[in-house]
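Have the model open beside you as you read.

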Amino acid sequence: MVKVAPRFSEFAEAVKTISGLDVNLCFQCAKCASGCPVSYAMDYTPTQLIHAIQLGLTDLVMNSKTMWLCASCQTCSTRCPQDVDLAGVMDAVRIIAQRKKIKAKIPEVPIFYRSSLRNIALFGRMYELGLIATLKLLTRSFTKDMGLGLRMLRKGKLNIFPSFKGALAARRIFSQVKAREKR
Amino acid sequence: MKYAYYPGCSSHSTAKEYDHSLRAVCSRLGIELVEIKDWFCCGSTPAHSVSRLLASALPLGNLAIVQKMGFKEVVVPCASCFSRFKTALHDLQNEPRLREEIGQIIEGNWGDDITVYHPLQIFSEEPQLGKISSLAKQGLAGLKVVCYYGCLLTRPPKVTEFDTCEYPESMDRVLRALGIATLDWSYKTDCCGAAFALTRTDIVLKLSHDILEGAKSVGADAIAVACPLCHTNLDTRQEEIEKTYGADYKLPILYFTQLMGISFGLSSQELLLEKHLVSPQRKLEEVKQHA
Ligand code: SF4
Ligand code: SF4
């Protein structure tokens with residue numbers, strides 16, 4: 001691994017605190033951006049985003065689409081010659097943005113995270129139909145995928161009723177994690 | 001052989017056929033799967049995108065039950081769950097701070113000596129591989145299949161410890177043991193768009209279109225998969241992809257366990273073949289007639 005001179009950016013420090021990852025190891029070879037399946041839809045490529053974190057361009061990063069469009073496919077983390085876990089950096093950036101309650105450039109994505117987690121905390125196991133209904137309410141996309149949803153219901157691919165098995169144990173974990181993260 | 005079994009949330013909904021066919025082929029192979037008592041969701045992408053602690057605690061909480069049940073090995077068929085379990089164990093080994101925090105959240109032992117297996121890791125090795133070829137009776141030799149592994153089984157390799165990450169062969173080995181011709185192709189580990197199914201469907205459509213195109217261009221009759229998310233994107237969205245891109249595929253997407261079951265002579269009811277939106281029946285009939 002090539003040593004890169006340490007730089008200081010508060011944002012890079014915040015990423016490190018959350019994930020333990022050092023963005024300053026990145027030497028901008030662009031291998032991550034070339035293999036990223038979603039870079040075509042991003043405003044900044046993964047390579048550009050990590051550079052912006054190194055430079056401490058907090059506003060640019062927080063207002064970018066990139067981390068919300070990252071599919072967590074792990075291609076970048078697998079191929080990085082400097083062993084930077086960029087998928088992990090994307091997670092950290094998403095976490096920082098949500099903690100700061102930044103208005104997300106792709107709002108449906110954090111809405112999906114929150115609705116899914118609420119669903120799991122309540123039922124213990126994912127209750128798909130409930131999740132879909134919540135998402136439709138929150139993103140006001142009532143007609144999207146209606147036909148497909150009905151076909152899946154007919155095929156018995158979506159359950160009408162939730163299960164509550166495992167709900168108690170899951171709820172305990174959620175509340176413990178919440179209590180620790182408040183401190 | 002006896003393993004603890006974590007079916008994952010989709011085993012009760014979108015991927016019932018994966019769960020059913022896995023249980024059916026395991027019982028033929030003499031592998032006993034014992035479902036984890038009151039298991040709960042692994043948290044998947046939403047958890048690791050919101051809280052690192054939650055993302056570790058959910059899988060480890062399930063492993064604590066495995067430990068209590070007295071098992072040292074657990075089978076996890078969903079690639080996304082598999083990746084969450086492997087990541088939690090990996091992080092636990094590498095981050096002392098996390099270990100301390102988890103210790104305060106989960107009572108008792110969460111068992112870092114538990115081994116997490118994807119069924120392909122068991123089936124593609126001896127003694128199971130030999131047993132699989134001896135159980136294969138239904139001639140599927142005429143079926144040309146591409147194996148699609150997706151992202152999370154193989155990546156990142158230091159976490160998943162699964163096969164070779166850029167060009168895996170374990171599913172190909174299993175299907176070849178059944179006499180199925182698996183084809184070489186370039187999209188084995190490309191991303192299908194995964195969790196964007198409900199949010200940015202356009203991304204799923206594009207990435208899954210690339211995969212279907214790749215399969216078609218090498219002349220595949222079907223795509224074999226090992227993950228419920230990949231299956232949903234390639235099967236249930238296929239018609240929409242065809243409309244969006246003006247293409248015509250009608251490519252059946254089958255779980256590798258269903259192909260094993262067909263070859264073992266299990267009925268299509270046992271394997272829930274009728275659940276797919278792109279029906280595999282016609283293709284299978286054709287192949288049987290030629291056999
Ligand atoms: S592959 Fe690694 S070193 Fe290269 S630009 Fe991406 S993060 Fe930086
Ligand atoms: S993990 Fe995210 S940033 Fe990295 S290659 Fe995949 S989609 Fe792109």
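Across all chains of this predicted model, a search of the whole structure turns up ten aromatic pairs.

**B:Y3 and B:Y117**
- The ring centres of B:Y3 and B:Y117 are 6.0 Å apart and the planes meet at 80°, so this pair counts as edge-to-face.
- B:Y3 belongs to strand 1 (residues 2-5) of chain B and B:Y117 to strand 4 (residues 115-117) of chain B, so the pair ties together parts that are 114 residues apart in sequence.
- B:Y3 is buried, at a relative accessible area of 3%, whereas B:Y117 is partly exposed, at 23%.

**B:Y18 and B:F256**
- With 6.2 Å between their ring centres and 75° between their planes, B:Y18 and B:F256 are also edge-to-face, because planes over 60 degrees apart fall in that class.
- This pair links distant parts of the chain, 238 residues apart: B:Y18 is in helix 1 (residues 16-29) of chain B and B:F256 in helix 13 (residues 256-264) of chain B.
- B:Y18 is buried, with 3% relative accessibility, and B:F256 is buried too, with a relative accessible area of 0%.

**Charges over rings**
- The charged end of A:R125, from chain A, sits over the ring of B:W39 in chain B, 3.6 Å from the ring centre.
- Within chain B, B:K188 lies over the face of B:Y167, at 3.7 Å from the centre of that ring.

Conventions: Residues numbered from 1 in each chain as written. Chains lettered and ligands numbered in written order. Predicted model: local features only at pLDDT ≥ 70, side-chain atom pairs only at ≥ 80, totals over all residues. Heavy atoms only, no water. Phe/Tyr/Trp six-rings, centres within 6.5 Å; stacked < 30°, edge-to-face > 60°. Helix = DSSP H or I, 4+ residues; strand = E, 2+ residues; numbered from the N terminus. Buried < 20%, exposed > 50% of the residue type's maximum accessible area, 1.4 Å probe, protein only. Lys NZ or Arg CZ within 6 Å of the ring centre and 35° of its normal.
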